[in-house]
Amino acid sequence: MEKEQEKGLIYFMYGNLQMALLSTKHLIEISEDEKLRRALLEDMAAFEKFQAAIVKMRGDRQLKGLTEMAQKGTEFAIDMKTFFNKDTAKLCDMLATGYEKGIASLTENLQNAADESEDVKELAKGYLNYLKQARERYAGF
């Protein structure tokens, strides 16, 4: 019997947050700019709050996290993009691009979320607003 694939806005947000946390932790490790590191730590705290809200909404039902392959692939992609250049402008450009992709994906998922609860939609809108603010912050860093 095949396991039913997890679908819906809450699962999308959870996976996106997992990827954002992983990427942010990795960028904190490689960044030498203290101002950027502080901004990334603020992002981590915000992501953890959104993740906690999702877990609370799900109750006792488990959410599937990133696979080990997805984690390693993300870290490898960051390392390849920053192998020769880890300066702040490069990292901020990567962040702004990542946030832009997240905004586009979340916007699409929100448009297709007619069957979702209002609580989930409101959380998604809050997360979307955070992504937009972060994109602007890093675009102008």
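User: Is Tyr130 buried or exposed?
Analyst: This is a predicted model: local features need pLDDT of at least 70, side-chain atom pairs count only at pLDDT 80 or more, and totals for chains, interfaces and linings use all residues. Residues are numbered from 1 along each chain as its sequence is written, and side-chain values use heavy atoms, without hydrogens and water. Buried means under 20% relative accessible area, exposed over 50%, partly exposed in between (1.4 Å probe, protein chains only). Tyr130 has 14% relative accessibility, so Tyr130 counts as buried.

User: How many aromatic pairs does the structure hold?
Analyst: Rings of Phe, Tyr and Trp (its six-membered ring) pair if their centres lie within 6.5 Å. Planes under 30 degrees apart count as stacked, over 60 as edge-to-face and the rest as tilted. The number of aromatic pairs in the structure is six.

User: What is the angle between the planes of Phe47 and Tyr130?
Analyst: These two rings form an aromatic pair, 6.0 Å centre to centre. The pair is edge-to-face, with an angle between the planes of 80°.

User: How many residues apart are Phe47 and Tyr130?
Analyst: Helices (H or I, at least four residues) are DSSP runs, numbered from the N terminus. Phe47 is in helix H2 and Tyr130 in helix H5 (residues 118-139). The pair links distant parts of the chain, and the separation is 83 residues.

User: What is the relative accessible area of Phe47?
Analyst: Phe47 is one of the residues in an aromatic cluster that also includes Phe50 and Tyr99. Phe47 is buried, and its relative accessible area is 0%.

Definitions and conventions: Helix = DSSP H or I, 4+ residues; strand = E, 2+ residues; numbered from the N terminus.
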